[in-house]
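Dear colleague,

Please find the structure below, together with its sequence. A summary of what was found in it comes after.

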Amino acid sequence: MTTQQQPQTAQHGFHSINVTEKTGRNLPNPPNFVSIAERVGKPAYVDADIVIPVYNEREQLADSVLALMRFLVSSRNSRFLTQSQPSYFPLYSWNIVIADNASTDDTWPIAVSLARQYPKFIRAIRIPAKGRGLALKLAWDESQAKARAYMDVDLSTDIRLTDVLVNSILSGQAEVASGCRLLDESHVTRSAKREFISRSYNALLRTTLGVTFEDAQCGFKAISAKAAEFLLPRIQDNEWFFDTELLTLAQTYNLPTYIFPVRWVEDTGTTVDIPDTVRKDLAGIKRMRRELAASLI
């Protein structure tokens, strides 16, 4: 697989859009009880905001953010210098947004330092409550970008696919995009335990919620500004189930969605509490199944 794979209208490609309100739907209030506590830099009118949500990631934050920044700068410069040649991916402007959700180590000071050192490319926000979903809601909600993406700080997904992720939104062909580790074309390196958990979870989603996407939890997603306005008030989860709820709602409302294969390498030093995450995911599935059955979504 190349990093310039053109989006396909196959079973894991795009769906027709037909966004309509369902009568009787009481949308959950936005998370007014928590707001962004500190900012370094302001939202800019760029093509893409790429959010990196973090919690106690002082060990790898700087290396990961700088690696992503350097890739994006070099990729843009390379395409600019060769713009006389045909290029599948057009140039786009971007910001990296570090979203610190209640870290208790030196993550926030490191984020502040990076944002101040590279103000053209990096900004940072601090959220005084834990939850990756909450961090993404607040970061995406205040964004002024056309495409609002995120990736995990461990950069498990090959960052050379960032152009695929962002341009699937900027091209107007999709409102939601997500990498998928379970497609045949994907190249994944991870333990048998993590592979079993992932496949079991996604099989459960298909049988209980009737979804058609293959990989809910890949930390490599993007949505359009229009999709952010529509979906974020409807997503109730503030933690790891956020991704599942995002894709499930996108399918429920027939938002054009692009699912694409990725290269992904497991971070063996992950701090995710798997038993706790599984318990909360099961609770989220139960809630969404009940809401879907009652036509509350």
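Predicted model: local features only at pLDDT ≥ 70, side-chain atom pairs only at ≥ 80, totals over all residues.

Residues are numbered from 1 along each chain as its sequence is written, and side-chain values use heavy atoms, without hydrogens and water.

The largest nonpolar core has 44 residues, of which Ile96 and Ile98 touch the most other members. Such a core is a set of buried Ala, Val, Leu, Ile, Met, Phe, Trp, Tyr and Cys residues joined through side-chain atoms within 4.5 Å; buried means under 20% relative accessible area, exposed over 50% and partly exposed in between (1.4 Å probe, protein chains only).

In helix 2 (residues 107-117), the buried residues are Thr107, Trp108, Ala111, Val112, Leu114 and Ala115. Seen down the helix axis, they fall within an arc of 165° (taken from the directions from the axis to the C-beta atoms), so they line one face of helix 2. The face turned away from this buried side carries the exposed residues Arg116 and Gln117. Helices (H or I, at least four residues) and strands (E, at least two) are DSSP runs, numbered from the N terminus.

The structure holds 21 salt bridges, each a side-chain nitrogen of Lys or Arg within 4 Å of a carboxyl oxygen of Asp or Glu. One network of them links Arg39, Asp49, Arg123 and Glu142.

Kind regards
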